[in-house]
Amino acid sequence: MLVTTKSKIFVVDDDVVLLTVMEELLKEEYEVSLAKSGAQAIRFLEKGGSPDLILLDIEMPGMDGFETLLTLRSCEAGSKIPVIYLTGIAGSDSEAHGLRLGAVDYIRKPVTKEVLLARLALHLDNACKQRQLELMETQQLDTDGVQPSKLLHMKEQLSQTEFAVALLVARGHTNDEIGKQLNYSPAYVKKVVSRLFDRLDIDKRSAVKRFFY
């Protein structure tokens, strides 16, 4: 992934042993938070928790994984967070039902570390790209004086990340502000800006503006 800060994974399962195992598997790569029930997971988000991805058990007492996902999708805090089901249930009907509710994937128990890390990397990368696309679409709807021909040319010349960063630099945003909007660290934004200087053959941030306006 391009994000240099640790992504945040939220694991929800009523099995305390499994929660401990998942934390051990993930803690080197990710910032990990844990919950023992669907209700606890909802409270975590309502109190300001902001995970990048949720690993959610299906079979839990009280609020099961399906009901938890429905509740997550109905509240603003959890409406767009990718959810991967953890399940010991075999059968396509269960998987199809979960996907219809909005889960992005299934991981079967017992969990294999290599599979777990590969799936997380894939879906975190997809979520990051989706945020970039949504931001660019918003920026294009509010062109704010940007010349359409220049906008199109820059989209063709730069990668998605470079384009998103360049447009925000052209609008006068700092590295910290860009990092917050794109979910990148300021240090990574600085590297992208340096790469833009080389790509565009310029030596100062203010020069980026002429490529859009």
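Helix H2 crosses helix H3 with right-handed geometry; a crossing is right-handed if the near helix is turned clockwise from the far one by less than a right angle, and left-handed if anticlockwise. Helices (H or I, at least four residues) and strands (E, at least two) are DSSP runs, numbered from the N terminus.

This is a predicted model, in which local features need pLDDT of at least 70 and side-chain atom pairs count only at pLDDT 80 or more, while totals for chains, interfaces and linings use all residues. Residues are numbered from 1 along each chain as its sequence is written, and side-chain values use heavy atoms, with hydrogens and water left out.

### The chain overall

The chain holds nine helices and five strands. Their order along the sequence is β-α-β-α-β-α-β-α-β-α-α-α-α-α. Of the 213 residues, 43% are buried (under 20% relative accessible area; exposed is over 50%, partly exposed in between; 1.4 Å probe, protein chains only). The accessible surface is about 11,300 Å², by the Shrake-Rupley method with a 1.4 Å probe. Carbon and sulfur atoms own 51% of that surface. Contacts (heavy atoms within 4.5 Å) also reach along the sequence. Among those with a separation of 6 or more, 60% join residues 24 or more positions apart.

### Two helix pairs

The table sets out both pairs. Axes are lines fitted to C-alpha atoms, for helices over the stretch in contact, and angles run from 0 to 180 degrees between N-to-C directions.

| Pair | Residues | Axes come within | Crossing angle |
|---|---|---|---|
| H2 and H3 | 38–46 and 65–74 | 9 Å | roughly 15° |
| H7 and H8 | 160–170 (H7) and 175–182 (H8) | 10 Å | roughly 135° |

H2 is therefore roughly parallel to H3. H7 and H8 are oblique to each other. The cut-offs are these: under 35 degrees is roughly parallel, over 145 roughly antiparallel, 65 to 115 roughly perpendicular, and the rest oblique.

Which residues of H2 and H3 meet? Gly 38, Ile 42 and Leu 45 come from H2, and Thr 68, Thr 71 and Leu 72 from H3. This contact has three nonpolar, three polar and no charged residues. Here Ala, Val, Leu, Ile, Met, Phe, Trp, Tyr, Cys and Pro count as nonpolar, Asp, Glu, Lys and Arg as charged, and the others, Gly among them, as polar.

H7 passes H8 in a right-handed crossing too. From H7, the contact uses Ala 164, Val 165, Leu 168 and Val 169. H8 supplies Ile 178, Gln 181 and Leu 182. Six of these residues are nonpolar, one is polar and none is charged.

### Inside H7

Ten of the eleven residues of H7 are buried, so this helix is largely enclosed by the rest of the structure. Among the buried ones are Phe 163, Leu 167 and Ala 170. Ala 164 is buried as well, with a relative accessible area of 0%. Just after H7, Gly 172 has a positive phi of about 90°.

### Thr 87 in a strand

Is Thr 87 buried or exposed? Thr 87 is buried, at 1% relative accessible area. The residue belongs to strand S4, residues 83–87. Leaving out residues up to four places away in sequence, Thr 87 touches Ile 58, Tyr 106, Ile 107, Arg 108 and Lys 109.
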